[in-house]
Amino acid sequence: SETMGTEMMFVAVSYPSMGFVIRTSKPVEEITHFRNFFYKQVIPYTVFVFFMILIFAFFFSAGIHSNIKSLKDVTHHYATGDFSVFLPERDDELGDLNHSINVMGSHLKNRIDLITAKRDQIQAIVSRMINPVVLVDDHLNVLEINPAAANLTDNSQYVGKNISDVILNEDINHIIRITLEKKQDQESAVCFDPVKGIYYFVHTTYIKGIST
């Protein structure tokens, strides 16, 4: 630029349809200074920030992967009935998830312990009763049978089997089926052994899905 007495860079854009040209300029020294600043300051800091982001992303993804693996391990233990393991507490969104899983495991353990205690109580009561007692589920599978009732069958493997395979008396099985269908108590005198003249007074009760 002869006017300014300095080396300039000019850029001109022509608009023939409008009849004018737009021109602008910048001192080469400023362009060189900006270029040097860009190469020496902007690019190194950009590369540094980029690598910091990569490192942060690596540790973040590693933490998520580790937490997911812990979730799989803990839920596997819960599925097998082992509620002695817990997830580590965290101060983020994953921490909320871990806390919820831990609370769920604790509630499941309490519920299973309660069910187990009730089952043990029922088994203790049933086993000590003098009269024959049989507990079956809604599918007529035997849940529990006391020693007095076990004497009525020659089949020593009775738990889990259908009641018709355990007690071979159609009248008793019929009363049990009626109890399940109507969900009402039934009573009837049943001839268990016509040859010996053995009769039983059968009483069945429907209690929350268990017929006895």
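In which helix does Pro-44 lie?

## Pro-44 and helix 1

Pro-44 lies in helix 1, which spans residues 28-79. Helices here are DSSP runs of H or I with at least four residues, strands are runs of E with at least two, and both are numbered from the N terminus. This is a predicted model, in which local features need pLDDT of at least 70 and side-chain atom pairs count only at pLDDT 80 or more, while totals for chains, interfaces and linings use all residues. Residues are numbered from 1 along each chain as its sequence is written, and side-chain values use heavy atoms, with hydrogens and water left out.

Pro-44 is partly exposed, at 39% relative accessibility. The term covers the range between buried (under 20% relative accessible area) and exposed (over 50%), with a 1.4 Å probe and protein chains only. Neighbours within four places in sequence set aside, Pro-44 is in contact with Phe-38 and Tyr-39. Contact means heavy atoms within 4.5 Å.

## A nonpolar surface patch

Phe-38 and Tyr-39 also belong to a nonpolar patch on the surface. Patches take residues with over 30% relative accessible area and no salt bridge; like charges are joined within 9 Å, and nonpolar side chains (Val, Leu, Ile, Met, Phe, Trp, Tyr) within 5 Å. Accessible areas come from the Shrake-Rupley method with a 1.4 Å probe, and for residues only the protein chains shown count as cover.

Leu-54 sits in helix 1. Its relative accessible area is 41%, so Leu-54 is partly exposed.

## Aromatic pairs

A pair of aromatic rings is described by the distance of the centres and the angle of the planes. Across the whole structure, a search finds two aromatic pairs. In one, the rings of Tyr-15 and Phe-20 have centres 5.6 Å apart and planes at 35 degrees, so the pair is tilted. Tyr-15 is partly exposed at 35% relative accessibility, and Phe-20 is partly exposed at 36%.

Phe-50 and Phe-51 form an edge-to-face pair, because their planes stand at 75 degrees, with ring centres 5.9 Å apart. Phe-50 has a relative accessible area of 47%, and Phe-51 has 48% relative accessibility. Rings of Phe, Tyr and Trp (its six-membered ring) pair if their centres lie within 6.5 Å; planes under 30 degrees apart count as stacked, over 60 as edge-to-face and the rest as tilted.

## Salt bridges

Side chains of opposite charge can pair when their charged atoms come close. How many salt bridges does the structure hold? There are three. Each puts a side-chain nitrogen of Lys or Arg within 4 Å of a carboxyl oxygen of Asp or Glu.

Glu-30 pairs with Lys-26, the closest N and O atoms being 3.2 Å apart. Glu-30 is partly exposed at 40%, and Lys-26 is partly exposed at 43%. Lys-109 and Asp-113 meet at 3.0 Å, N to O. Both lie in helix 2 (residues 93-127), four residues apart, about one turn of the helix. Lys-109 has a relative accessible area of 36%, and Asp-113 has 37%. Glu-170 and Arg-177 meet at 2.4 Å, N to O. Glu-170 is partly exposed at 49%, and Arg-177 is partly exposed at 28%.

## Nonpolar cores

In soluble globular proteins, nonpolar side chains tend to be buried together. A nonpolar core is a set of buried Ala, Val, Leu, Ile, Met, Phe, Trp, Tyr and Cys residues joined through side-chain atoms within 4.5 Å. The largest one here has 16 residues, of which Val-134, Val-142, Ile-145 and Ile-163 touch the most other members. At least two residues of this core come from each of strand 3 (134-136), strand 4 (142-145), helix 4 (163-166) and helix 5 (170-182). Helix 5 gives the most, with four residues.

Not counting residues up to four places away in sequence, Ile-163 touches Val-134, Val-136, Leu-140, Val-142, Asn-173 and Ile-176. Another core lies apart from the largest one and has six residues, among them Leu-71, Phe-83, Leu-87 and Ile-101.

## Asn-102

Is Asn-102 buried or exposed? Asn-102 is buried, with a relative accessible area of 8%. Its place is in helix 2. Leaving aside neighbours within four places in sequence, Asn-102 is in contact with Tyr-78, Phe-86, Leu-87 and Glu-89.
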